[in-house]
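I opened this entry to look up the ligand site first.

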Amino acid sequence: MDKREFLKTSGALVAGTVASRFASGQSHAQQPAPHENWAGNIHYSTDHVHTPASLDEVRDVVKKCSKLRALGSRHSFNRIADSNANQVSLEHLTSIDIDDKARTVTVGAGVRYGELAPVIDAKGYALPNLASLPHISVAGAIATATHGSGIHNGNLATPVRALEVVSANGDVLNLSRDKDGDQFAGAVVHLGAVGAITRVTLDLEPTFQVAQTVYQDLSFSELEHNFDGIFGAGYSVSLFTDWQKHRATQVWIKRRVTPGEQHTAPELFYNARRATRKLHPITEHPAESCTEQMGIPGPWYQRLPHFKMEFTPSSGRELQTEYFVPREHGYEAILAVEKLKDKITPHLFVTELRTIAADNLWMSTAYQRDLLAIHFTWKPEWDAVKQILPQIETQLKPFNPRPHWAKLFTIPPAQLQAQYTRLADFRSLANQHDPTGKFRNDFIQTNLYSS
Ligand SMILES: Cc1cc2nc3c(=O)[nH]c(=O)nc-3n(C[C@H](O)[C@H](O)[C@H](O)COP(=O)(O)OP(=O)(O)OC[C@H]3O[C@@H](n4cnc5c(N)ncnc54)[C@H](O)[C@@H]3O)c2cc1C
């Protein structure tokens, strides 16, 4: 594969060599300019960014443009949100409407989880799960099946009850789980290919408290016979590793607690030691930007993400990759990747291992599979990383990996497409709402339509 073809396939374009700014606790003031993604590794191929402030204005933009791609909070690492013609940012659609009777919240497409969470918590509600970072928009997160962790927790698209979508001809569609059944399951993880999502309705549950405890140095050998016990030891569990010494450097256990409950976490967890101070996933980094640990209970939205809303963790200059394998093969998959440890570690900030429960959303990475997620936060060293990705993908091939839709990968389109049994149905659904491919960009064309 030559360089141009690779970039087309992976959607990746790293802007030369950027000096790493991987340091915790930088503020929003240092966010990149809007023509770049959050990480700064993608320069979007157009400066035509429309910013409508109402549903009618979105409809006008959609009718006016023959090619268009919706833009969320720009947290994707590949070219999934790119367009070489027009982008429409929904950032000005920021309504939040709670329906107590239906126990739902309906948010404008520009709303980010970190803005939504305190509003619903104040009314006594919660969402079942959150990603590691609260700065991501709801519409953009569900588009790519963004996930948190937890053996019994579906990804962030699973609580979606309804969608308001502006389709290619400017019509407004209201799709819902109750009314549209199977078709709705096709539209939720939409990859930006069904239309411009203007509002999302999410199921709510009663607010809850979480206490977070961190352990250090868990041998991978413990995973061989205790895989589900370890990943199921809390409501949400994450393992971090640098792939050296056959161990997870840290285990973050997020446990649901009842207010007033007295609980002292044991000092040992499968022979890993309970941390005696708050830790950043990269042990030597300051932990100021991380959510509270040491077993101190707090509201769900201040514990489920790893990083606080008021901080920008890792400052943007990083790359991310993530592969999903069936959980039942999780241990073998970890060992397969570990074989590349000496190639991986020099270019890695940290790896995170998480689990996600299966769902029925056609293009979800968890479609009908309980998953182990093997995630890599890389240093911004694209030339080296792009050599390693195919090697990791080869190691994982026996486990039929699905790559994260929004992160960097080099899996060939035919192999990727074979992982999605409802792909043909998804194409029909997208064609039905967008017969001319107005919302289809090169990333979608390459990964979903070419063979
Ligand atoms: C620091 C960091 C941490 C992350 N942590 C996690 C994590 O814990 N778990 C995880 O799974 N992922 C994680 N991600 C990845 C992230 O969740 C995804 O990239 C997500 O899709 C980004 O959403 P966004 O709003 O930024 O969308 P964008 O990146 O702007 O767009 C993503 C896709 O959504 C589409 N889209 C966005 N808004 C709309 C809309 N209104 N209508 C139609 N289509 C739309 C775009 O066209 C594009 O296809 C992380 C990313 C970063 C940078």
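**Ligand.** I began with the side chain of Ser137: one of its N or O atoms sits 2.6 Å from an oxygen atom of the ligand. I note here that the model is predicted. Next I checked Arg354, where a side-chain N or O atom is 2.9 Å from a ligand oxygen. His75 uses its backbone instead: an N or O atom there lies 2.7 Å from an oxygen atom of the ligand. I then listed the surroundings and got 38 residues around the ligand. The closest are Ala70, His75, Ser76, Ser137 and Thr144.

**Domains.** I looked up the domain assignment next. Domain 1 comes in two segments, 96–206 and 419–449. Domain 2 covers 209–414. I found their C-alpha centres 24 Å apart.

**Interface.** How many residues of domain 1 are in contact with domain 2? I found 51, and they meet 45 residues of domain 2. How much area do the two domains bury between them? The value is about 4,100 Å², with 63% of it on carbon and sulfur atoms. On the domain 1 side, I noted that Ile151, Gln419 and Tyr420 lose the most area to domain 2. Together these three make up 20% of what that side buries.

**Polar links across the interface.** I searched for salt bridges between domain 1 and domain 2 and the rule gave one. I also looked at the salt bridge of Glu205 with Arg256, whose closest N and O atoms are 3.3 Å apart. For polar contacts, the rule finds 20 residue pairs across the interface of domain 1 and domain 2, both residues at pLDDT 80 or more.

**Elements facing domain 2.** Which elements give two or more residues to the side of domain 1 that touches domain 2? I noted helix 3 (113–122), strand 6 (125–126), helix 5 (177–187), helix 11 (423–433) and helix 12 (442–449). Helix 3 gives the most, with six residues. I sorted this side of domain 1 by class: 24 residues are nonpolar, 21 are polar and six are charged.

**Salt bridges overall.** I picked out Asp97 with Arg199, where the closest N and O atoms are 3.8 Å apart. Where in the chain do these partners sit? Asp97 is in strand 4 (residues 96–99) and Arg199 is in strand 9 (residues 196–203). The pair links distant parts of the chain, 102 residues apart.

Note on methods. Residues are numbered from 1 along each chain as its sequence is written. This is a predicted model: local features need pLDDT of at least 70, side-chain atom pairs count only at pLDDT 80 or more; totals for chains, interfaces and linings use all residues. Side-chain values use heavy atoms; hydrogens and water are left out. Domain bounds come from an automatic or database domain assignment. Contact means heavy atoms within 4.5 Å. Buried area is the accessible area (1.4 Å probe) that two parts lose on being put together, summed over both. A salt bridge is a side-chain nitrogen of Lys or Arg within 4 Å of a carboxyl oxygen of Asp or Glu. A polar contact is a pair of N or O atoms within 3.5 Å; within protein, one must be able to donate a hydrogen and the other to accept it, and residues adjacent in sequence count only if both atoms are side-chain atoms. Helices (H or I, at least four residues) and strands (E, at least two) are DSSP runs, numbered from the N terminus. Ala, Val, Leu, Ile, Met, Phe, Trp, Tyr, Cys and Pro count as nonpolar, Asp, Glu, Lys and Arg as charged, and the others, Gly among them, as polar. A residue is near a molecule or strand if one of its heavy atoms lies within 4 Å of it.
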